[in-house]
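Subject: Handing over a structure

Hi,

Here is the structure I promised to pass on. Please open it alongside this email and follow along.

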Amino acid sequence: MIDATSLPRVLAAASGRPLSLAEHDDVFGLARPVPAFLEELEASGLTGRGGAAFPTFRKAKLLRDQRGHSKFVVVNAMEGEPAAHKDRTLLAANPHLVLDGAEYLAAAIGAKHIVVAVSRDNPATVNHLSHAIHERERRTLRGAKFELHTPPWRYVAGEESALVHWLDDNESLPQYRPRRPHILRIGHAPVLLDNAETCAQVGLIARYGGQWFRSIGTTTSPGSTLVSVSGAVTRPTVMEVALGTPLRTVLAAAGADTDPQAVLLGGYGGAWLDGRNIDVPYANESLGSLDATVGAGIIIVLPRGACGLAETTRIARWMANESARQCGPCAFGLPAIADDLQRLTLDARDATAAHDRLLERCGVVEGRGACRHPDGVVRLVRSALRVFADHVEEHASGIPCAAARSTRHFAAVPALEREEELVWE
Amino acid sequence: MGVRRRIGGFVLKVNPILCDGFGHCVELAPDLVRLDEWGYPIISPTPVPLSNLAALESARYAVRGCPRQALAIERVADVQS
């Protein structure tokens, strides 16, 4: 049993290698069937840890009320965000906790299949999971069968409808969902899709109860969450923090710069937060007033002296290339936005015009894709123009700062491997 | 065929995956649709009252005239007008 007020919870007993099933039972206790599981899940107030922070109970209940004797639980460990390392860290420590949570969810909604999806470009995690699933075959708890699927890594491949599309039809492309909530399906079978960390938290809630879960965190966002801190840190780290901890405390614990210029929160579809605001509690309800979110638990620290616009340009350029190019506004709009940002950052003559064009194009692109990929880029760009407003003026006045041409970068962006694809046929 | 109810409203919705920017909709329903700089339709998300028969008819033309069948009319229960 893990003590209610102590951290870490889902990363308890992390030792650099995954816990075997026997060790896992010693640390967390046996996973017994829980009749009142959904009540406990509701009492816990757990929200999804993949970025959208949707209440896990409501999603599970929606899927439980679906008809059909063949349902799926999908554990999403794709981790499309280049700056996120939480799911692979979790699965390298406690893979059985994630699988426990998936089994509880499967039992609650009546699913016969559990699919664990990891990117094939992440072979260490694939190994840990296939080993853990093999260990479990000797004792089936509730009869749900595990499958391991390994789609190729892309940014949008971890988006829920794209992942289900892959499982259904081997295409990692987002689907059009005109009405929400939308039930994703593999064939005709309804799918409950949850992030790997969410499943791990479910595994703890099923064992220790909803009140145990709520004993840390805030009332509206209870519990703990994993954060991946990178950028101006001594070493990029994944930590488990209680929601509602002041962001400054989180940064200090990660060994990061505690007087940063700005912090990128949520991921590459997230928002910049001004360095003056880092005393804000790290929870959605307090970050929301500053137009930021917890998102997928990504924190990128930008030190003073670095150029936030140059960082945003690199991110926007890469995100434009990662578009699935299904929807026109995303396929054409995101490269245009990245071009405008680059003009604003580097081209002194065109900077003012580029700034106006950028604001207009952000408004045009927003909300017009099948998934939220373009909306994320728009949010990032808007927050950059807001947070680095003084800096924007400096660039627009015709003197690009020296840091904009620096080769030292803080946000991890993979190399554009196929840049020629930026031209859409 | 029952009696058509004229209360409530409708919105024209585009499936952005199917849409390839042919632009027929802007010819057929110029009051509801405008184009962005890449030729893809921008449709206002505010519902139009069903009593606006001209708009409804043009929306129907747009739906039937779309070469990719990417448009749909969605009924909305109530509309402020």
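Below is what turned up, starting with how to read the model.

This is a predicted model, so local features need pLDDT of at least 70 and side-chain atom pairs count only at pLDDT 80 or more, while totals for chains, interfaces and linings use all residues. Residues are numbered from 1 along each chain as its sequence is written, and chains are lettered from A and ligands numbered from 1 in the order in which they are written.

Domains first. Chain A splits into domain 1 (21-214), domain 2 (224-302) and domain 3 (308-422), with bounds from an automatic or database domain assignment. The C-alpha centres of domain 1 and domain 3 of chain A are 34 Å apart. Even so, 11 residues of domain 1 of chain A are in contact with 11 residues of domain 3 of chain A (contact: C-beta atoms, placed from the backbone, within 7 Å). On the domain 1 side, that comes to 7 nonpolar, 2 polar and 2 charged residues (nonpolar: Ala, Val, Leu, Ile, Met, Phe, Trp, Tyr, Cys and Pro; charged: Asp, Glu, Lys and Arg; polar: the others, Gly among them).

Next, a sheet. In chain A, 5 strands make an open sheet with mixed pairing, in the order β3-β2-β1-β5-β4. Strands (E, at least two residues) and helices (H or I, at least four) are DSSP runs numbered from the N terminus, and two strands pair if DSSP finds at least two bridges between them. β3 and β4 (185-186) of chain A are the edge strands with a single partner each, so one side of each has no neighbour in the sheet. β4(A) runs antiparallel to β5 (residues 189-195) of chain A, joined by 2 bridges; Ile186(A) has Ala189(A) as its bridge partner there.

Now for β1(A). It pairs with β2(A) in the parallel sense over 6 bridges, and Val75(A) stands opposite Val116(A) in β2(A). Another 5 bridges join β1(A) to β5(A), also parallel, with Val73(A) partnered by Leu192(A). In β1(A), 6 of the 6 residues are buried, so the strand is largely enclosed by the rest of the structure (buried: 20 or more other C-beta atoms within 10 Å of the residue's own; exposed: 12 or fewer; partly exposed: in between; C-beta atoms placed from the backbone). Phe72(A), Val74(A) and Asn76(A) lie on one side and Val73(A), Val75(A) and Ala77(A) on the other.

Then there is helix α6 (residues 123-136) of chain A. Its 14 residues reach 20 Å from first C-alpha to last, close to the 20 Å expected at 1.5 Å a residue (the expected span is 1.5 Å times one less than the number of residues). Thr125(A), His128(A), Leu129(A) and Ala132(A) are its buried residues. Down the axis of α6(A) they fall within an arc of 90 degrees, so they line one face (the arc is that of the directions from the helix axis to the C-beta atoms). Pro123(A) and His134(A) are exposed on the face turned away. The cover over the buried residues of α6(A) includes β1 (72-77), α4 (86-91), α5 (95-109), β2 (113-118) and β3 (145-149) of chain A.

Finally, chain B. Its 2 helices and 5 strands run β-α-β-β-β-α-β from the N terminus on. Of its 81 residues, 25% count as buried. Where do the two chains meet? 11 residues of chain A are in contact with 10 residues of chain B, and helix α13 (residues 328-346) of chain A gives the largest share of the chain A side, 3 residues.

Cheers

Terms used. Two residues are in contact if their C-beta atoms, placed from the backbone, lie within 7 Å.
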